[in-house]
Amino acid sequence: MMWRWVLIAVAAVGPSGCAVFGYTLVRPGAAVDVAGSGLIVSPDRAWNRAGSINGPGKDAERWTLDGPALNELTLYAGIRDGRPLFREEDRRDRPLPRFSATMLPVDVAALFEASYRVASGTSLFTIDAIAPDSLAGRPGFRFDYSYVLPGEEVRRKGAATGAIVGGKLYLISFEAPAIHYFDRDVGAYRAIVAAARLKDDARDVGDIPGPLT
Amino acid sequence: MRRLFILVAMMALCGCTTVRSFAAPEHRLPDRPLTIVVMRPDVEVSWLTAGGVAQPNADWTASARTALIGALTAEQGARGNSVRLLGEQSGEAARLVADYEALHRTVADQIAQFKYAGMILPTKRGKFDWTLGPGVRQLGEMAGGGDYALFLYARDSFASDGRLALQIVGAALGGYVPGGERFVYLSLIDLRTGDIIWFNLLASARGDLRDPEGARATIDTLMRTLPARAGARP
């Protein structure tokens, strides 16, 4: 009998589109202050933004076009020293690695890979390329990756662009199945990265230029 | 797939049989006999242990697969369409088929989550526009040509004696212990574009997919909302 009430609860919460659980619309052209961090992005098309319960944590936002398994944009907005990239589901048995403000780009890519391996349990994750780049006008880096989740046979490709500003990590990643979805939608991610900016109050003399090593 | 199983449990608890379909509103099937390429059906029939663990049964699964393919072929034949089963492939072709089967399972999972399970993507409101991409043409070419590809996923289960005993005890105590359930979905893909133009899902606590009659009843129920060839809206 309890399941009936679970169903009713799910059905009631879903269509309400509330910001806590479910998805809300991000309109094209809107200037979005990601997680209130000062990282401003303006998408070129409409996206669906995950609520705080099904999102990645308080320092990040997760957006999708067709569902998170088909195209997922994650905006990490000012991850502080000593914090994980996203919410820890099981801190005791599966603790996530922590970001350090002194990390170099290769370290950030390794942090990203290790976080995915711990969170999803995948052993099939590779960083395919790392190169210098910029985010929000700050020197930074980009890397490409690919992975397969346990229990699935879908190979996904990903791309991420980031910079460490004022000792905080700003990173925008996009991932989608290698068949069709990645190539179709990666342009939307690139448009968001190209137009990303930081509010002036996010500037800090402690910027780390992010040399590639 | 886990979300799909949660979904079927929820749907089966809400009534004996639930069927709900979605179709791409703008798509019209050509007004001529069609060739449907049927992908390798993903079928599994199990018996439920007293603890509720599904134990797959190879003989039951083979019977259900045969019965479902027979029912599909007969149903499409009655519409004047022909069915081509995509045979076993090898090498790169086998890998390509497996990749598209996996992608389709992922897309179906998202359809289940955002069209059936109550969660809504605002950009999908009033739309049905999921796709596998135009690369699916290769599947049609492998089959020797076709207009649409049909994916079939079916799970059927039957309660063991121990499970039945638990159901009786549960009922006597005023509780509910789920028994056997069947869960089937079909999706029709336009082989020119890769777009999923129709998707129908059935969840039921009744029936038997191993039996040709049970499989026919299930396929006929699911196919009832397939868009008509003459361009009528589903």
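Guide: Let's meet the partners before the contact itself. Going along its sequence, chain B runs α-β-β-β-β-α-β-α-α-β-α-β-β-α, which comes to six helices and eight strands. Helices (H or I, at least four residues) and strands (E, at least two) are DSSP runs, numbered from the N terminus. Chain A reads α-β-β-β-β-β-β-α-β-β-β-β-α-β, with three helices and 11 strands.

A word on the ground rules. This is a predicted model, in which local features need pLDDT of at least 70 and side-chain atom pairs count only at pLDDT 80 or more, while totals for chains, interfaces and linings use all residues. Residues are numbered from 1 along each chain as its sequence is written, chains are lettered from A and ligands numbered from 1 in the order in which they are written, and side-chain values use heavy atoms, with hydrogens and water left out.

Now for the contact (heavy atoms within 4.5 Å). Chain A brings 32 residues to it and chain B brings 28 residues. The buried area, meaning the accessible area (1.4 Å probe) that two parts lose on being put together, summed over both, is about 2400 Å² between chain A and chain B, and carbon and sulfur atoms give 69% of that.

What about charges? The rule finds two salt bridges across the interface of chain A and chain B, where a salt bridge is a side-chain nitrogen of Lys or Arg within 4 Å of a carboxyl oxygen of Asp or Glu. The side chains of A:Glu153 and B:Arg105 form a salt bridge, at 3.5 Å from N to O.

There are also six residue pairs in polar contact between chain A and chain B, both residues being at pLDDT 80 or more. A polar contact is a pair of N or O atoms within 3.5 Å; within protein, one must be able to donate a hydrogen and the other to accept it, and residues adjacent in sequence count only if both atoms are side-chain atoms.

On the side of chain A that touches chain B, at least two residues each come from helix H1 (2-16), strand E1 (23-26), strand E4 (47-50) and helix H3 (181-195) of chain A. H1(A) gives the largest share of that side, six residues. By type, the side of chain A that touches chain B splits into 18 nonpolar, eight polar and six charged residues. Here Ala, Val, Leu, Ile, Met, Phe, Trp, Tyr, Cys and Pro count as nonpolar, Asp, Glu, Lys and Arg as charged, and the others, Gly among them, as polar.

B:Asp109 counts as buried because its relative accessibility is 6%; buried means under 20% relative accessible area, exposed over 50%, partly exposed in between (1.4 Å probe, protein chains only). Its side chain makes a polar contact with the side chain of B:Gln110, at 3.5 Å.
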